[in-house]
2 protein chains.
Amino acid sequence: MIERAATEEDVRAVARRARDAAAELAPLPRRAKDAALHAMADALDAATDAVLAANAEDVARGRDTGLNAGLIDRLSLDADRVAAMAQGLRDVAGLADPVGEVLRGYTQPNGLEIRQVRVPFGVIAMIYEARPNVTVDAAGLALKSGNAALLRGSASAYSSNVALVEVLSTAAAEAGLPADSVQLVPGTDRGSVLHLLRARGLVDLVIPRGGAGLINHVVENATVPVIETGVGNVHVYVDAGADLEMAERIVVNSKTSRVSVCNSAETLLVHRAVAAEFLPRITSALQTCGVVVHGDEHFASLAGVQPATDDDWEREYLSLDMAARVVDDIDEAIAHIRRWSSGHTEAIVTRDLDSARHFVARVDSAAVMVNASTRFTDGAEFGFGAEIGISTQKMHARGPMGLAELTSTKWVVTGEGHVR
Amino acid sequence: MIERAATEEDVRAVARRARDAAAELAPLPRRAKDAALHAMADALDAATDAVLAANAEDVARGRDTGLNAGLIDRLSLDADRVAAMAQGLRDVAGLADPVGEVLRGYTQPNGLEIRQVRVPFGVIAMIYEARPNVTVDAAGLALKSGNAALLRGSASAYSSNVALVEVLSTAAAEAGLPADSVQLVPGTDRGSVLHLLRARGLVDLVIPRGGAGLINHVVENATVPVIETGVGNVHVYVDAGADLEMAERIVVNSKTSRVSVCNSAETLLVHRAVAAEFLPRITSALQTCGVVVHGDEHFASLAGVQPATDDDWEREYLSLDMAARVVDDIDEAIAHIRRWSSGHTEAIVTRDLDSARHFVARVDSAAVMVNASTRFTDGAEFGFGAEIGISTQKMHARGPMGLAELTSTKWVVTGEGHVR
């Protein structure tokens, strides 16, 4: 880990340059932005060796400072991973430009023409943990949507991020865009993050991506607008009369297809009408996949089930563990979800139309699945082509965020000398 | 002024009740909400005497504590003002319900049906200054959009607000809605506002309405999501070749039609190509309306013009004062606006299509007017039917906020046992 302190003025100077770059980016047509994205991709391919050399420094430092194997893996790049990052930029170039879309447009009785038009935010800051690929993804998505990017990766990836941003900003400049379109936030200490979070008037949006500790730190300290992302205490409810074969498939997929991600399920709720048949079946299926079930008194009589406490209802395991309980009816399931959910994704498995409608209307989460795995809450699965994160707040963006969520709007009003 | 302290637990208890009420409000159909709005309007009419008696207490206390005449006027109710508040509730009942609108809907190649549906935020808190009518307006708009309202008016209107909320919540309960749909935040001290601003997980949105001091206090201290409203350092730019008769009409209307509101103009920028003709003309027209012009060296040679300083470029006068300068070209006007604007509204007066397009694309404000008065940035003028405030931030809502801006969205995904 390298500790580099940055003063408030260091951070604000970089943010001011980003703001100037954003003013140049905002009116650019799609063609200019796509050309820059392709230039950045080509430059990244050409700089593979330099990027890998910088990454090797991070990995060596990580090993020296005792970073665990999982984090070392997330941090490590190879030629394929660099090529994938470059391809990601080309894929973003292929997406439609959200800027300029007219969301509402009409003429008032007095003849005033009113248009609500999508415009870039301006300066978007990302604060994120280990993976260096986020540096490239975030830069590409910000630029495509006409925004300047301020990137603050983890200290453990510092050398990689410096190398990547150098490649991207040089290529952007050679393609005719401001070099400051993509910048690293100076410093690797907590203080530099605080300065960024308090740069009101210079930073239009901060998106933290990482664990609950990072998200909370950002929300507690920011005076600039924030979108909270990615904490997922996700539930699957199996209704009375559900197709139990389908229920098993959805529960197992929701829990086990990738345990470390925010849309994987953490808690199973089962209607008591199907408990006698479903509990042994799902417990066995989960255990076969290596899942430890933390169950209420109904589950606890089954072999291998650990007794659940409130801590189990509250935790986002991100591991092969699942909390499980029986509920008396759908409203008890909804009440449990209201009490413990982080508002990311919940699913119902049911054959009953009333139950589906009741659950959808009353569960207040970013995504509600009916007879589908919770793992579908994802930008690619939603057809967005790209994703910058999954918002768990209700303001501005909720659920997977693509290019449109990186834009604001502007009202354009045209008259012929109209006065009030 | 009454000082009533409230503990964190006092405030959180009220917020928890609001959250429970919000869960009941969310699935309600329009019919139930409209019936409650009419019941609240009728109850307000019936309670006019009690409301006026409570208001008289506030007015008397305001006089005793030396509140100035303007604030006393804003605070004072009479039978007509109470009747207007009741009518406002009936008008809101007549508006379309934003909840349930499908914003995006499509079927993925794998057959998953994906819908993005408008849903209420949940709990919306309003923090506002003197006028008691905001209590009724905010309650009505929050309820119509399916939200529970937490209202924190000024201490000087405390008795009025207590009486109004008592009437509204009783009527809501009699109409079958939760009584806690509309609540006053306990306490009149600054501490109670702080507890509200930090009730993460209980309050989904805070909207401050008032002067820059209030807005800054909220933004600096909130950990719950905030929408900044209403600070307007508004500019009118008169382009080379503009129709000067139209320019005069728009400048005078933008400045003088109502000086105390956020969409009134504060600074005039004039292209030097029309300065010789336009400066004497507009200065005289403004002075005839009682406006003091604070001008740069070009204006300063005219009789009665005060010399402008940076303070004049920065201030939102909200009075019969206007800052004024000559610019070399449209880009200097845009640069001035970027430097000093609060991002509310700016106008260009021009005959030139390139100038109009250039200005619209590069001015980064909530509303950009072409050949129209800045005074049109207003919910009613935009045809929204109601307005809760004017957002000057870029996240979630920008410009006038109506019912749609008081909603979030939810993704509803329907499959037939889909797994990844």
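Predicted model: local features only at pLDDT ≥ 70, side-chain atom pairs only at ≥ 80, totals over all residues.
Me: How does chain A lie on chain B, and by what turn?
Reply: Chain A goes onto chain B with an RMSD of 0.0 Å, using a turn of 180° and a shift of 0.0 Å along the axis. The two copies are thus related as by a two-fold rotation axis. That superposition is a least-squares one on the C-alpha atoms of residues with pLDDT of at least 70 in both.

Me: And which C-alpha of chain A is nearest the axis?
Reply: That of A:His396, 1.8 Å from the axis.

Me: OK, the interface. How many residues are in contact?
Reply: 55 residues of chain A are in contact with 55 residues of chain B; contact means that C-beta atoms, placed from the backbone, lie within 7 Å.

Me: Which element gives the largest share on chain A's side?
Reply: Strand 16 of chain A, with 11 residues. Strands here are DSSP runs (E, at least two residues), helices are too (H or I, at least four), and both are numbered from the N terminus.

Me: What classes of residue are on that side?
Reply: The side of chain A that touches chain B has 26 nonpolar, 17 polar and 12 charged residues. Nonpolar covers Ala, Val, Leu, Ile, Met, Phe, Trp, Tyr, Cys and Pro, charged covers Asp, Glu, Lys and Arg, and the others, Gly among them, are polar.

Me: Why do the copies meet through the same surface?
Reply: Because 100% of the interface residues of chain A are also interface residues in chain B.

Me: Back to strand 16 of chain A. What does it pair with?
Reply: Strand 2 (residues 113-120) of chain A runs antiparallel to it, joined by eight bridges, and A:Glu113 stands opposite A:Thr414 there. Strand 16 of chain A also pairs in the parallel sense with strand 13 (residues 367-372) of chain B, over five bridges. In that pairing, A:Val413 stands opposite B:Met369, and A:Thr414 has B:Val370 as its bridge partner. Strands count as paired if DSSP finds at least two bridges between them.

Me: Is that strand largely enclosed or exposed?
Reply: Nine of the 12 residues of strand 16 of chain A are buried, so the strand is largely enclosed by the rest of the structure. Buried means 20 or more other C-beta atoms within 10 Å of a residue's own, exposed means 12 or fewer, and partly exposed is in between, with C-beta atoms placed from the backbone.

Me: What sheet does it belong to?
Reply: An open sheet of 10 strands with mixed pairing, in the order 1(A)-2(A)-16(A)-13(B)-12(B)-7(B)-8(B)-11(B)-9(B)-10(B). Strand 1 (102-107) of chain A and strand 10 (306-307) of chain B stand at the edges, each with a single partner strand, so one side of each has no neighbour in the sheet.

Me: New topic: where is B:Gly94?
Reply: In the loop between helix 5 (79-93) and strand 1 (102-107) of chain B. B:Gly94 counts as exposed, because it has 12 C-beta neighbours inside 10 Å.

Note on methods: Residues numbered from 1 in each chain as written. Chains lettered and ligands numbered in written order. Contact = placed C-beta atoms within 7 Å.
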